[in-house]
Each structure stands twice: as structure tokens, then as C-alpha cells.
There are 2 protein chains.
Amino acid sequence: MYLELDTPSLVIDLDAVRGNIAEMAETAATHGVRLRPHIKTHKMPELARMQLDAGASGITCAKLGEAEVMADAGIDDILLAFPIWGEPKLRRLAALRERARVRVSLDSVEVAAGLGKLGGPPVEVLVEVDTGQHRLGRPPGRPTADLVAEIAAVPGVAVVGLLTLAGHAYHSRTPAELAQTARREGEDLVATAELCLRDGIELREISVGSTPTARHAAGVAGVTEIRPGTYIFNDTAMMRLGVATEETAAARVLTTVIARSTPERVVFDAGTKCLTSDGVGSPGWIRAVGLPHLHMDFLNEEHGVARLEAGHHDELPVGTRAQLIPSHACAAVNLFDVAYGVEGGQVTTELRVAARGAVR
Amino acid sequence: MYLELDTPSLVIDLDAVRGNIAEMAETAATHGVRLRPHIKTHKMPELARMQLDAGASGITCAKLGEAEVMADAGIDDILLAFPIWGEPKLRRLAALRERARVRVSLDSVEVAAGLGKLGGPPVEVLVEVDTGQHRLGRPPGRPTADLVAEIAAVPGVAVVGLLTLAGHAYHSRTPAELAQTARREGEDLVATAELCLRDGIELREISVGSTPTARHAAGVAGVTEIRPGTYIFNDTAMMRLGVATEETAAARVLTTVIARSTPERVVFDAGTKCLTSDGVGSPGWIRAVGLPHLHMDFLNEEHGVARLEAGHHDELPVGTRAQLIPSHACAAVNLFDVAYGVEGGQVTTELRVAARGAVR
């Protein structure tokens, strides 16, 4: 399997990627909302370009460092979905604004005041709303409407919309619970925007949606934009939520069995340094493609220690290759400098993870 | 606090590093064992050099990529504590052997057979023993002695010793339990080597010890080498085990409060992309230096969401800086391209994490 690659290596099934991109683009088009994918999942300008070519209206980034890499590649419509604070970042943001349309999300007057001093045309901001993740933002309704009014009064800043991430949807136990959380994500923001309108502030952007929630939230009347990221690669977390399959899980770690210390134990040369500790404790948090009778027991930094079911102990001798699907694709991709693109079962291209390690 | 650095940044207290290096060097000297620190914790040739200058006999690496970076910096005595398998890695190992003394650990005849074909002087190998971690190796005693005999019969390979990592010691609940696990780690290997000697195979290296176990295992008669890594930086896992303090936790993530969305909630600009998910669920798995009344609730990729105790809600406004101690220093360091060295409370140097991302 991909014998020209040494292991561990990050391999990307570009056929699956194209399918994933097309499916989400169609979801957005069907519902008449804009798609602004979060590029933190892939961190590669080439894949962002594929998303734009398939109809995405722009991209979402978490960090200025990611946005700068994407702007270097000619991408000129960027949402920075993170509060930007402090002189060094504000200087970088000012420079970025000269070569791209940039919006920023935030949840405080303090951060808005910093943005307001940038000069030039007002900085377009989206106010983040806490729809249940309990990370950033105030609750929907009056608390957020009041915050919008406060931020709208900050000179140099223009509030253009509301934004949320229903991160708690990742903990949904059933498809019905997921769908309900996703619809509320949209409905809460739409209702809050109506409140703001009665306060005299018109918000034209209602931006919602992660990979598990986007397909549902896109259908809520009033939602204008969805921002899924993981869908381009998927991972076992998405498989557990029922929004991906082994076939659509496009990012895999190619690995080799380096020890068979007992009849049932299989040790791979890929651990948390390739797969991260994200998702540890969830059933099937790491999956080996095509090997349903193999179960990951634990990961150390450089070792993945798995167990074969009875009746399969003669399989997977030392030297066997396998592909492991990570629990969290975004975090796993961030551990690699290079990924290998696969098309038609062959390695066809080398992709630099250009925005890897963009911590700032 | 270090206002010349934007956040998040990795800062290394070099004064604490010097103290940590000296203390472990003294432990080894007191017990008359060699110290071969694992460099996966820091991944920086400059710090490996400090360890060697303080008396370390060589270094331990997990990956060829790490070893190559260290050899590039002139380090010429390397233990590769990982089974090396496959043509590309064997070619690299052959090249590495031309500029450094290299030993390799393994737990199978299959891996030994590959090494045996390298040519040149026999490859010196240490046979890994499973002293309770249940990762690599067979149990101590007869199972390992038999394996040693099998590997010793492989042409081109010279078995020079036994190696183990008592990784299960990390789960010790009391200092007494930790000490007992550590002593057994040494005693089990010494007893196994005696068995091998009766079989006619003399093993001159008994290599044990992680940061929590090294101080105990070094005192076991017959142990010749300890291989701790984390001790140079420490982390909250080491603090929980009672072998480190906030003062000796030398690697920290400098971060900024970017949101105070509720009176008790404090959101930092550092999440798993700086700190990893290692240790999630352990009490106090992330600590903020000097802020005992602040408790981390959860990390997302770019956010650290913490909670202030009652009576402290007026502290840490947006823009405040703090230093977070990771749960697992080795994994956190691997997320940064650059670290900033601090001496006397001032940033004095920039250190490249030269072996970061050495997955192969």
C-alpha cells in the first residue's frame, strides 16, 4: 500500500475530498446560503482553492498566520473567527486588510475598541453568540442584543452579523439530538438578529455551522452562511455522529506494524505525534481502514497499540501497512509538514501543510 | 510579562532547565549509572549539548529524524529506542552509523534480521522488555531470555543489553507505589540478564528509567543506564507524581486572555494546538503559573476555557497574560517551531525546535 512512502505518513484521498467538497457545496446551494469553509482542517491553499472553485464564497481562518498563508496564495475573502488582540496582531491585520476583504469575530467591547483604532474603512465584525458551547459570547436574545448595541457604538467598527459555533453538538447522542441542536443554532441567531433590528441595528450576516450541524442549520430561514471545516477530510468523530463513513474519511495516517509482542497485540509506528490524543476514551476513536476486527487500545507518542479479535491472531505480521483514521482530522494534519495526495489508489501529489503550526 | 513576545508562545525557563539537568546528572553520578536523556522532550540540539556537558553519556531518540538532527549538531552517541523497519529507514540508519555510534532497541527477530543485513560492524541492539506497560517486549524472565537467545543468533546483530520503559508508572497513585514500580523495573531486568548469562549470553547494558522512575531505578544494583526525558522541562503530569513543582516546570505556553464572556469564565488564546489533549480529564491537567484559583475547564484547538473561583471574578481582564504549564511537555513542544529562552526573568534567546515533526 503506497510502497513509495515511508511510514508514518499523512495520506489524503483526493477523490474522497472532491466528493466531500461537492456534497457540502450542494447543501449550501440547495438552501441558498453561502459556504465559507474553515481551512483549519487542511491548512493547504490548494484545497482552499478547490473549495472556492466549487462555489465557496470565501474562507474562515482561526489565526492570522493561517489567513496570511491563504492571502499569499491569492485568496482575498477571509473571516477571522477569533478575537484579535494586541499591537502585533493588529499591525498584521492592517496589512492583511490591504490585500483581502477581512471580517473578524469577537465577543467584547475591549476587542472591538482595539480593532476600531486600525484606521481605514470600518472593520466589519461578527458578534459571537453562545448557543450552548459556553466558550465565547453571551447567550442569544437580550444579552447578545445588548452586546451588539455596545459594540456598534465603538468608532471604527461595523457590526455586520452574528456568528456561533454549536460545539456542544459534537456530544450529541442521537441524530435527532444533533438535528435539534443544529436547528436551534440557527434559530437562536435569527431571533437575536430580529431583536437587534427592533433596537435599530440591521445585521445582514447570520453565520453558523460546523460539519455536524451545517446540513441542518443551513435550512433555517434567515441563516446566510455556513462555516464547516472538517467535512473536507472527516474523521472518526464525524463517523460517530453519523455524518461520515470510512469511505468519506479522506485523511489517514499510513503506518506500519513494528511489533507483534503477543498473539493479539499489534503495535503501529504511529501514536499521538501523528494522531493526537483528541478523542481518547471514545469508542473506536482511531479506526484502521478495512480492519473492523482490530481495536486501538492506547496511543503513546510514537506507538499505536491495538488488539486483534480472536480468530484473527495470525494477521498483520511485522511490516504490514495499514491506514489509521484519526479522531480529529484538523489536529492530526497540524502534526505533518507534508501530506501525500492519492488519486485512483495511486500517490499523485505532495501537498505542503502550509499553515501548519500557525499558532499566532 | 515578556511583552516583546506575541502570544501564544512557548517559553523555556533556562534557569530551571539548568537546575533540572544538574539534579538528574547528580542522581546518575551518585548511583554510578550512565545518564542517556531522551531528547524527544526538547528536540533542540542546544539543550542536548547542555545535557552532555553536564555528564550525560549520550542521548536517546525515538525517531531517525530526531537522531539525524542531533548528529547534524555533532552528537555522536545515540540510542534509537524504537524498532527500525523497512528499506528507507535502514538506508538512513546505515548513513547515521557512519557519523555516530548508534544502538537500536527492538523486540523481535524480524526487526533484528533487517538490521543484520546492514553490513559493517554488527549492529548493537538492546532487547526491549515488557515490565508492565504492555506495549513492546515480552515479560521479564524466561520469555525474554528466550527472545534474547533467538536475536543473538541473527547474523550481523550483537545483543548488548536489555531495555525497558515502565510507562505504567505514570499511573501510580502514591509515591510508594511509584517507587515500587521503579525498583521492579530495574530488578526485573537484572534478574533477566542473569538468566541470559546462565544461557551463555552476557549482557552488559541494563537500561531503564523514565522521569518518574529514574531516581529509584538508578539505585538498583546491576542497572547501568537511565533514560529520563521529561525531567528537563517537567509538566503537570510530573507535578501530580510528586517529581516536579511549578518552579521546576520549565516549559510554559505564554498566553493572553482574549475573552471574559461571563464573570467566572476566562478564555485564553491557547488550546490543544499549543498544549495538546494529553492528560485531559486528570485533575489540574493544565496549570496557570501563580494562579491557583484558576481552573482549566476545557481546551478547544485555539481556546483554553478556564474558570475563576468566587472572590476572584474581577481578576484577569481581557489582555492579561499568563503562563500555562502543559500536561505533557514533550507533545506540547512538538507543536512549536520556535521556543523563547528566559533567563533572570528576561527573554534572552530564540531556540529552534529543530527536531519538531520528526515523524519518521
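Me: What should I know before I start?
Reply: This is a predicted model, so local features need pLDDT of at least 70 and side-chain atom pairs count only at pLDDT 80 or more, while totals for chains, interfaces and linings use all residues. Residues are numbered from 1 along each chain as its sequence is written, chains are lettered from A and ligands numbered from 1 in the order in which they are written, and side-chain values use heavy atoms, with hydrogens and water left out.

Me: Is helix H3 of chain B buried or exposed?
Reply: Seven of the nine residues of H3(B), residues 64-72, are buried, so the helix is largely enclosed by the rest of the structure. Buried means under 20% relative accessible area, with exposed over 50% and partly exposed in between (1.4 Å probe, protein chains only). Helices (H or I, at least four residues) and strands (E, at least two) are DSSP runs, numbered from the N terminus.

Me: Which residues of H3(B) are buried?
Reply: Among them are Leu64(B), Val69(B) and Met70(B).

Me: And what covers the buried residues of H3(B)?
Reply: The cover includes helix H10 (272-275) of chain A, and from chain B helix H2 (45-53), strand S3 (59-61), strand S4 (77-80) and helix H4 (87-97). Contact here means heavy atoms within 4.5 Å.

Me: What follows H3(B)?
Reply: Gly74(B) does, and its phi is positive, near 90°.

Me: New topic. What is the strand order in the open sheet of chain B?
Reply: The order is S2-S9-S8-S7-S6-S5-S4-S3, eight strands with parallel pairing. Two strands pair if DSSP finds at least two bridges between them. At the edges, S2 (34-35) and S3 of chain B each pair on one side only.

Me: How many bridges join S4(B) to S5(B)?
Reply: Four, and the two strands run parallel. Leu79(B) has Arg103(B) in S5(B) as its bridge partner.

Me: Now the spaces. What is the volume of the largest cavity?
Reply: About 170 Å³. A cavity is a set of points on a 1 Å grid over the protein atoms alone where a 1.4 Å probe fits but cannot get out, and lining residues have an atom within 4 Å of a point. Grid points are joined across faces, edges and corners, and a volume is the space filled by probe spheres set on the points.

Me: Which residues are closest to the centre of the largest cavity?
Reply: Of the 18 lining residues, they are Thr276(A), Leu335(A), Thr272(B), Thr276(B) and Leu335(B).

Technical notes:
1 Å grid on protein atoms, 1.4 Å probe; cavity = no way out; pocket = protein on both sides within 12 Å on 5 of 7 lines; lining within 4 Å.
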